[in-house]
Amino acid sequence: LVLCGATGLFAQDFDLPCGNLNYKPEVQTVLLYADGNQLNDPIIPLEDMVERLTLSFDIIDGDGEILNYTFIHCSHDWEPTDIQRIQYASGFDSDRLDDYAFSRNTLIDYANYQLRFPKEDMMPTVSGNYLLIVYGDDMNDLYFTRRFMVVDQKAQVSATVPRYPDDLALTNTHQQLDIRVAMNNYLTGNTQQYSYLTIRQNGRWDNAAEGLKPTYVYPDYLSFEHNPQTVFDATNQYRRFNTSNFYFQSENLAHIRQTDESFEIDIATCESRARKAYASYEDIHGEKFIYVENEDLDNATEADYCRVNFFYKSEAPLTHEDLYIMGALNDWCFNESNKMRYDYRLRGYTCSMVLKQGYYNFMFVTIDRTNHEVLTDMTAGNHWETNNVYKLYFYYYNALKGYDELVGYATVNSH
């Protein structure tokens with residue numbers, strides 16, 4: 001990691017992945033959301049952004065150390081933008097993160113940090129992708145990074161999900177998006193070259209379609225259609241569990257027990273849904289919502305952590321794939337903490353995760369060991385009826401200033 005001083009920070013000086021990543025194991029439950037709602041994506045309007053984002057995170061066994069934060073501008077495909085900071089931000093290069101409180105009446109101790117930003121003395125000045133960076137004494141002491149976006153809504157983005165995709169063989173298992181972007185007077189002669197579209201399914205980044213070019217350019221709008229990259233595996237509804245009350249065995253919880261060190265919860269035995277009929281029920285699209293059922297308690301500092309044990313029944317281990325638990329419970333990442341391991345004695349896969357009290361969605365997925373593709377074919381199945389939310393980001397390259405503007409954003413439900 002290139003050391004960046006207190007002043008003169010360049011986005012291109014950051015040489016680590018620009019993703020939602022934790023760099024210290026004691027960092028837990030990082031939440032970044034807009035307008036006070038945990039389920040809102042961290043995307044805010046350029047014209048009205050002051051303190052619209054909320055950051056909350058815990059340091060397990062933390063002693064209240066003072067941290068720092070900054071942010072850098074990124075391209076449409078999340079590479080650091082090659083421009084000076086003065087071109088995309090005003091005010092200070094970095095600021096202290098010193099609003100913290102210690103947990104109360106919990107078996108697992110932690111320090112909870114809170115931040116509302118952007119501040120008037122440290123603000124983005126242009127639209128686009130941004131990476132929030134939280135660190136200790138200097139940028140070599142990195143704690144975590146999180147993505148957020150600033151949108152300057154100059155384009156109107158809309159989409160439909162037709163019942164029949166172009167490839168009729170995918171009718172019952174996939175969802176196709178036909179997308180239109182109305183640019184009004186913002187279109188130029190280089191529209192095809194300077195336009196980029198990103199599509200995300202729910203909170204996932206692993207299967208995001210990035211850098212899509214218009215299929216057709218019309219005088220007053222662009223269309224993105226008849227493109228295999230706008231067709232997604234439909235997957236299935238997410239599984240769910242609720243740990244907000246340790247003294248009530250809610251849906252999908254098999255056992256709750258307390259030890260001297262923590263609470264421990266066993267999720268009810270799971271198995272493949274690939275060959276089962278689609279069952280419709282509400283989910284929160286793979287997200288998590290941190291809270292305790294007792295309204296007199298503070299969700300930030302009085303929600304406890306517990307060890308959650310997952311078991312996926314399987315008569316034999318997979319031969320060419322690894323099994324993972326996918327969702328916001330692990331920040332939509334795939335690493336050792338959410339990788340399942342086969343137990344020959346139990347005849348199934350097991351995994352334990354330490355999670356803060358709340359409501360969680362999750363899904364079992366496989367990752368091919370050769371091409372690293374994330375699939376639900378063998379674990380959850382794919383059903384056109386699944387209710388997914390698709391997030392559409394339209395970028396336009398500003399050739400004069402040398403960066404990608406985020407000029408359109410929309411969400412569409414598949415049903």
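Leaving aside residues up to four places away in sequence, Tyr-130 touches Phe-71, Ile-72, His-73, Trp-78, Tyr-88, Pro-124, Thr-125, Arg-146, Arg-147, Phe-148 and Val-150. A contact here means heavy atoms within 4.5 Å. This is a predicted model, in which local features need pLDDT of at least 70 and side-chain atom pairs count only at pLDDT 80 or more, while totals for chains, interfaces and linings use all residues. Residues are numbered from 1 along each chain as its sequence is written, and side-chain values use heavy atoms, with hydrogens and water left out.

Tyr-130 sits in strand β11. Strands (DSSP runs of E, at least two residues) and helices (runs of H or I, at least four residues) are numbered from the N terminus. Is Tyr-130 buried or exposed? Tyr-130 is buried, with a relative accessible area of 0%. The cut-offs are these: buried is under 20% relative accessible area, exposed is over 50%, and partly exposed is in between, with a 1.4 Å probe and protein chains only. One of the contacts of Tyr-130 is Arg-146. The two residues are 16 apart along the chain, and their C-alpha atoms are separated by 8.5 Å.

Now step back to the whole chain. The protein has two helices and 32 strands. Its radius of gyration is 22 Å, close to the 22 Å that the globule rule gives for 415 residues, so the protein is as compact as a globular protein of that length. That radius is taken over C-alpha atoms, and the rule is 2.2 Å times the number of residues to the power 0.38. The C-alpha trace spans about 65 × 55 × 40 Å along its principal axes. Of the 415 residues, 54% count as buried. Contacts between residues at least 6 apart in sequence can be sorted by separation, and 74% of them join residues at least 24 apart.

The surface and the charges come next. The accessible surface is about 18,500 Å², and 46% of it belongs to carbon and sulfur atoms. These areas come from the Shrake-Rupley method with a 1.4 Å probe; for residues, only the protein chains shown count as cover. The protein has 32 positive and 61 negative charges, and their mean positions are 5 Å apart. Lys and Arg count as positive, Asp and Glu as negative, and His and the chain ends are not counted. Each charge is placed at NZ of Lys, CZ of Arg, CG of Asp or CD of Glu.

A pair of aromatic rings is described by the distance of the centres and the angle of the planes. Rings of Phe, Tyr and Trp (its six-membered ring) pair if their centres lie within 6.5 Å; planes under 30 degrees apart count as stacked, over 60 as edge-to-face and the rest as tilted. The count comes to 32 aromatic pairs. The rings of Phe-71 and Tyr-130 have centres 5.7 Å apart and planes at 80 degrees, so this pair is edge-to-face. Phe-71 lies in strand β5 (residues 67-74) and Tyr-130 in strand β11 (residues 128-135), so the pair ties together parts that are 59 residues apart in sequence. Phe-71 is buried, at 1% relative accessible area. A second pair, Phe-241 and Tyr-360, is stacked, with 5.3 Å centre to centre and 15 degrees between the planes. Phe-241 is in strand β21 (residues 239-242) and Tyr-360 in strand β29 (residues 358-368), 119 residues apart. Both Phe-241 and Tyr-360 are buried.

Phe-71 and Tyr-130 also belong to one aromatic cluster, together with Tyr-69, Tyr-88, Phe-117 and Phe-148. Pro-118 is in the loop between β9 (110-117) and β10 (122-124).

Thr-235, in the loop between β20 (231-233) and β21, has a positive phi near 55 degrees without being a glycine. Thr-235 counts as buried, at 2% relative accessibility. His-372 also is not a glycine, and its phi is positive at about 65 degrees. His-372 is in the loop between β29 and β30 (374-375). Its relative accessible area is 57%, so His-372 is exposed.

Finish at Asp-99, in the loop between β7 (95-97) and β8 (100-102). Asp-99 is partly exposed, at 48%. Which residues does Asp-99 touch, not counting those up to four places away in sequence? They are Asn-112, Tyr-113 and Gln-114. Asn-202 is 103 residues from Asp-99 in sequence and 31 Å away in space, C-alpha to C-alpha.
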